[in-house]
Amino acid sequence: MASSGLLAQLPTELLYLWHTYRVPILLTAVSVFAVVRLALHQRRKRERISTSPLPSSPIEKKAVQLRPEWLPENTTLNHSVLSLDNHAEEPTTVAVPLEKARKGPKTVKGNKMRSKVAKIAPTFDHTVDQIQPIIFFQSLSGTTERYATEFAKAFTTWNSEASSSLLEPQILDISYIEFDDYFISPPKSESNIKHFYIILIPTYNIDTVLSIFLESLQETHNDFRIDTAPLNALLGYSVFGFGDKQDWPTEEEGFCSQAREVDKWMARLTGRKRAYPLGMGDVKGGASLRLDEWREGVQEALVEIKEGHGLGEGVPGSGDAAESDEEDISDAENMDSEVTSRKPVRTRKTARVDDVEDLGSMVDSSNPNSLIPIDFTTYKSQAKPASRQAPKEMVPVTSPTHASLTKQGYSIIGSHSGVKICRWTKSALRGRGSCYKYSFYGIASHLCMEATPSLSCSNKCVFCWRHGTNPVGTTWRWITDAPDLIFDGITAAHYKKIKMLKGVPGVKAERFAEAMRIRHCALSLVGEPIFYPHINELVEIMHKNRISTFLVCNAQHPAQLASLVPVTQLYVSIDASNKDSLRKIDRPLHRDFWERFCACLDIIKNRRFEQRTVFRLTLVKGFNMAEEVKGYADLVERALPGFVEVKGVTFCGTSAAGTAGLTMQNVPFYEEVAEFVTELEKELSTRGLTYGIGAEHAHSCCILLADSTRFQRNGKWATRIDFERFFDLYEGKVEGTRVEKGEDGMEKVIGWRPEDYVGGETPEWALWGNGGFDPRDARVYRKGKGPGGQAEAYAKSEAAKLVEI
Ligand SMILES: Cc1cc2nc3c(=O)[nH]c(=O)nc-3n(C[C@H](O)[C@H](O)[C@H](O)COP(=O)(O)O)c2cc1C
Ligand code: SF4
């Protein structure tokens, strides 16, 4: 009873208490609430290590138009499809779909009327004009180069006895010229100098520079914006091919097939100015003799021209275009199309005639007005696309490229991937220092693997050390190895090479043990990694194995760049600040290289909050340094990369580099690089951009600019990477801070930002002005080098030897 009375009194008591103490109760509740909120907030903040402000959400992105011709060919970006790997020992899975996965603007097809009248070639006035012969050659294993040199010598000796209207020949390697400078129109020169082309080439049934050369001739021919016979102003041309009759006994089986192709395209581009028939020599017997005979024939033809007789008389289709049947010339354009009926071929009068097959196919009298289909949105020939051919191996074991790369220390994996131990990996194993990637980002060189899934690329940069033998291509058209096999292959080859260093004096046991677990992969080396159609799968495999990825691309493949999965650090090579300079230094194969380059910059800008983005500038004195600071600043302003790495060129010291016009004089001194970077920093700052010099590695002539609003903590540089954090973000163990507004207007996390895996502060010794060499490592100087006023010369000579990307 007593207890029920108490209960009845309780509401009155509570009401009394509430009235008496409500102010302190309310204050306590608010305080507790505030403390709990604050604690929760602090916890979340700890999870988000980033200190920089969150990007406005969603980040405004510039629309980048991907042209249809930029989309990959022969392959698909579909992740679920793996390629057939013909190197695999165990049976592999799915075959490469040969059809293009083309998206983008609709292709507009039209028709071009064939031109009825060939241009009249300028005549040679033997009283005032001079002939400039140009000897073009291409050589992978040196044979053709040797013959071309001998040819030039014999030709010059003969010419010294002849007259002055025939100039000394120029000799040019097809690997190093700008095709457009010679094969869209004759080179620019004084008006009384007329050119004559002598072309000496081998044949390779694999992809080499020659395949690209042939494609370029074909493209020029099919380009509706270019004249029917753009090389008509040449006085004439003649081609000599080298082949191997032992393995390719007949023409049907491929003997000198590429020389025959070049001869055919030159006939079309010149308006049939074949001055002397195609010569062919078997390198296994009689090539020298054949070449001498052919040289005499070419010389005779030149004498005729010199004396004002032009190319002499021949059957229609040979000799001067003006003398030829006009219809034959325009029909010759259509050699690829089906021939319905053929004019009877007249008998040859002289040695200077076309091949019977050529004559036959160029005549299509029954259908003089037939139309050639033209694709107005692309340069590419629609008539006979290369992609219809069965894919080949990029670097077959039998190729000189394979031999050359293996000799240089590369392990070739499958037929298009490579891996090589970097000099710095050896150095780090011996406790003698790591490369600049350690100073800037914290990558110890002995934990790093350098590899590429594509030894081929679409540039022929003057400073590339794979000159001459490098596979090149504008589209991926090779047999494609599966990404897991590439991963297994490159890692196995890397470990094998590390093991081989076991006995090298000075290798530290502790570092050797550490090196047996790859932590980082620089996807660069040579070639273009994003050219490989399954690069995304390969990157994913790396990340799953907790291997970080530094990927360097050459800004020529916007479609692949746009669809690349986020990597740990994404580089784009910026080899020049303007179109002209880029053309000279990178010698890109794509005619729209500048548009591609600019599109890549816009993509880099759009993706700057998804991953760390870096501009890699390679300074080559005399090519891309002087007067270009403002231009580089324009590019930085356009793409806003997180970092700008500026590096003096590495001179590979090969004779091929010399052919490309590069010598030690082009390697800048460290102080010159430093001066350049200081100017660039100043220029960026006048534009209100917040870049500062973050770190340096004088040893490899490399300096780092970084965005101070993103990669500084408490006013101190934080350029290093927290790799464990990166993998935790990748695996979803921690949440990133990249947010986007959903359809409901609410912000939600959609990934991570570079700021989420910023590592510790940049060490004192790596900061600008301190040199960048870890004092815990032993610095070893070569004889006669080292401190004492020679540091810069040392850096320069070392830079010449290092192959470090
Ligand atoms: C991988 C490979 C493929 C070749 N393909 C052909 C061919 O299809 N037809 C041919 O006549 N010769 C072919 N050859 C022979 C080369 O044309 C010949 O060896 C030539 O001398 C090489 O010239 P270079 O040393 O200047 O590169 C091939 C040689 C190699 C190594
Ligand atoms: S982009 Fe790289 S691999 Fe390609 S040519 Fe230039 S330096 Fe060599």
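Leu601, Ile604 and Lys605 in helix H17 meet Leu635, Arg638 and Ala639 in helix H18; residues are in contact when their C-beta atoms, placed from the backbone, lie within 7 Å. By class, this contact of H17 with H18 has 4 nonpolar, no polar and 2 charged residues. Ala, Val, Leu, Ile, Met, Phe, Trp, Tyr, Cys and Pro count as nonpolar, Asp, Glu, Lys and Arg as charged, and the others, Gly among them, as polar.

The model is predicted: local features need pLDDT of at least 70 and side-chain atom pairs count only at pLDDT 80 or more, while totals for chains, interfaces and linings use all residues. Residues are numbered from 1 along each chain as its sequence is written, and chains are lettered from A and ligands numbered from 1 in the order in which they are written.

H17 (residues 593-606) and H18 (residues 629-639) pack at an angle of about 45°, with their axes 7 Å apart. Axes are lines fitted to C-alpha atoms, for helices over the stretch in contact, and angles run from 0 to 180 degrees between N-to-C directions. The two helices are therefore oblique to each other, a term for angles that are not under 35 degrees (roughly parallel), over 145 (roughly antiparallel) or 65 to 115 (roughly perpendicular). Helices (H or I, at least four residues) and strands (E, at least two) are DSSP runs, numbered from the N terminus.

An open sheet of 5 strands runs in the order S3-S2-S4-S5-S6, with parallel pairing; strands pair if DSSP finds at least two bridges between them. S3 (170-173) and S6 (279-282) stand at the edges with a single partner strand each, so one side of each has no neighbour in the sheet. From one strand to the next, the twist averages 20°. S2 (residues 130-137) pairs with S3 over 4 bridges, and Ile135 stands opposite Ile171 in S3. Two helices pack on the sheet, as listed here.

| Helix | Strands touched | Angle between directions |
|---|---|---|
| H5 (residues 257-270) | S4 (193-202), S5 (236-243), S6 | about 170° with S5 |
| H6 (residues 287-306) | S2, S4, S5, S6 | about 165° with S6 |

In helix H14 (residues 535-544), the buried residues are Ile535, Glu537, Leu538, Val539, Met542 and His543; buried means that 20 or more other C-beta atoms lie within 10 Å of the residue's own. Their cover includes helix H12 (483-500) and strand S11 (520-523). Just after H14, Arg546 takes a positive phi of about 50°.

Key
Buried ≥ 20, exposed ≤ 12 C-beta atoms within 10 Å, placed from the backbone.
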